[in-house]
Amino acid sequence: MAKISTTQRSTIREEFPNLARDVKDFPVRDGEEPWTLAEVTELVVLLLDDKARYTEELAAADAELSDLLRNSGDGAGDDQADYGSSALEREQELTLVNNLRDLLAQTSHALERIRKGTYATCEITGAPIGKARLQAFPRATLSVEAKAREERR
């Protein structure tokens, strides 16, 4: 486990006042050990760091996209290849912005589930998501079975 700074510890206590109590109620799958406060704290730190990074990256990507859109006609001339290249660049930047928005929303949702004490519970079935799954992908909201059903549709 990574060392948690005093500032991070203070932020966690402030933003997640019931974490020590709630962690005891986070469900686990058969054969898994119960969640510990240290495990959940580590995930919270990871998610908070990701949220800050995604927010920063999104602001930069939004600014870049705005600049591309504002200057979309500048310097392209009459060459169709220039127009196509500009359109491709705008499309790539728009995709990046949308992906960052999705990751930020998923991260915020995971933090909110921890805050509410509903983390580790599948949003569709109500079954435990599983510690290994959440430690690999802390933004997961569905159990493996529910995710597989969703992907088949």
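How do the residues of the lining of the largest pocket divide into nonpolar, polar and charged? They split into six nonpolar, one polar and two charged. The model is predicted: local features need pLDDT of at least 70, side-chain atom pairs count only at pLDDT 80 or more, and totals for chains, interfaces and linings use all residues. Numbering runs from 1 along each chain as its sequence is written, and side-chain values use heavy atoms, with hydrogens and water left out.

**Largest pocket**
- The largest pocket holds about 170 Å³ of space.
- A pocket is an open set of points on a 1 Å grid over the protein atoms alone, where a 1.4 Å probe fits, with protein on both sides within 12 Å along at least five of seven lines.
- Its volume is the space filled by probe spheres set on the points, which are joined across faces, edges and corners.
- The lining (residues with an atom within 4 Å of a point) consists of Arg9, Ile12, Arg13, Phe16, Pro17, Leu19, Ala20, Leu37 and Thr41.
- Two or more lining residues come from each of helix H1 (6-15), helix H2 (19-22) and helix H3 (37-70).
- H1 gives the most, with three residues.
- Helices are DSSP runs (H or I, at least four residues), strands likewise (E, at least two), numbered from the N terminus.
- Ala, Val, Leu, Ile, Met, Phe, Trp, Tyr, Cys and Pro count as nonpolar, Asp, Glu, Lys and Arg as charged, and the others, Gly among them, as polar.

**Rings and charge**
- There are two aromatic pairs (Phe, Tyr or six-membered Trp rings with centres within 6.5 Å).
- Ring pairs join Phe26, Trp35 and Tyr119 into a cluster.
- The charged end of lysine 131 sits over the ring of tryptophan 35, 5.5 Å from its centre.

**UniProt spans**
- An unreviewed UniProt entry lists "zinc finger region: dksA C4-type" at residues 122-146.
- Residues 122-146 are 36% helix and 0% strand, with end C-alpha atoms 8 Å apart.
- The unreviewed entry's "domain: Zinc finger DksA/TraR C4-type" covers residues 117-152.
- Residues 117-152 are 42% helix and 0% strand, and their end C-alpha atoms lie 29 Å apart.
- Such annotations may be inferred rather than shown by experiment.

**Two single residues**
- Glutamine 8 is in helix H1 and counts as partly exposed because its relative accessibility is 23%.
- Isoleucine 124 lies in the loop between helix H4 (80-116) and helix H5 (131-136), and counts as exposed at 53%.
- Buried means under 20% relative accessible area, exposed over 50%, partly exposed in between (1.4 Å probe, protein chains only).

Conventions. Rings of Phe, Tyr and Trp (its six-membered ring) pair if their centres lie within 6.5 Å; planes under 30 degrees apart count as stacked, over 60 as edge-to-face and the rest as tilted. A charge sits over a ring if NZ of Lys or CZ of Arg is within 6 Å of the ring centre and within 35 degrees of the ring normal.
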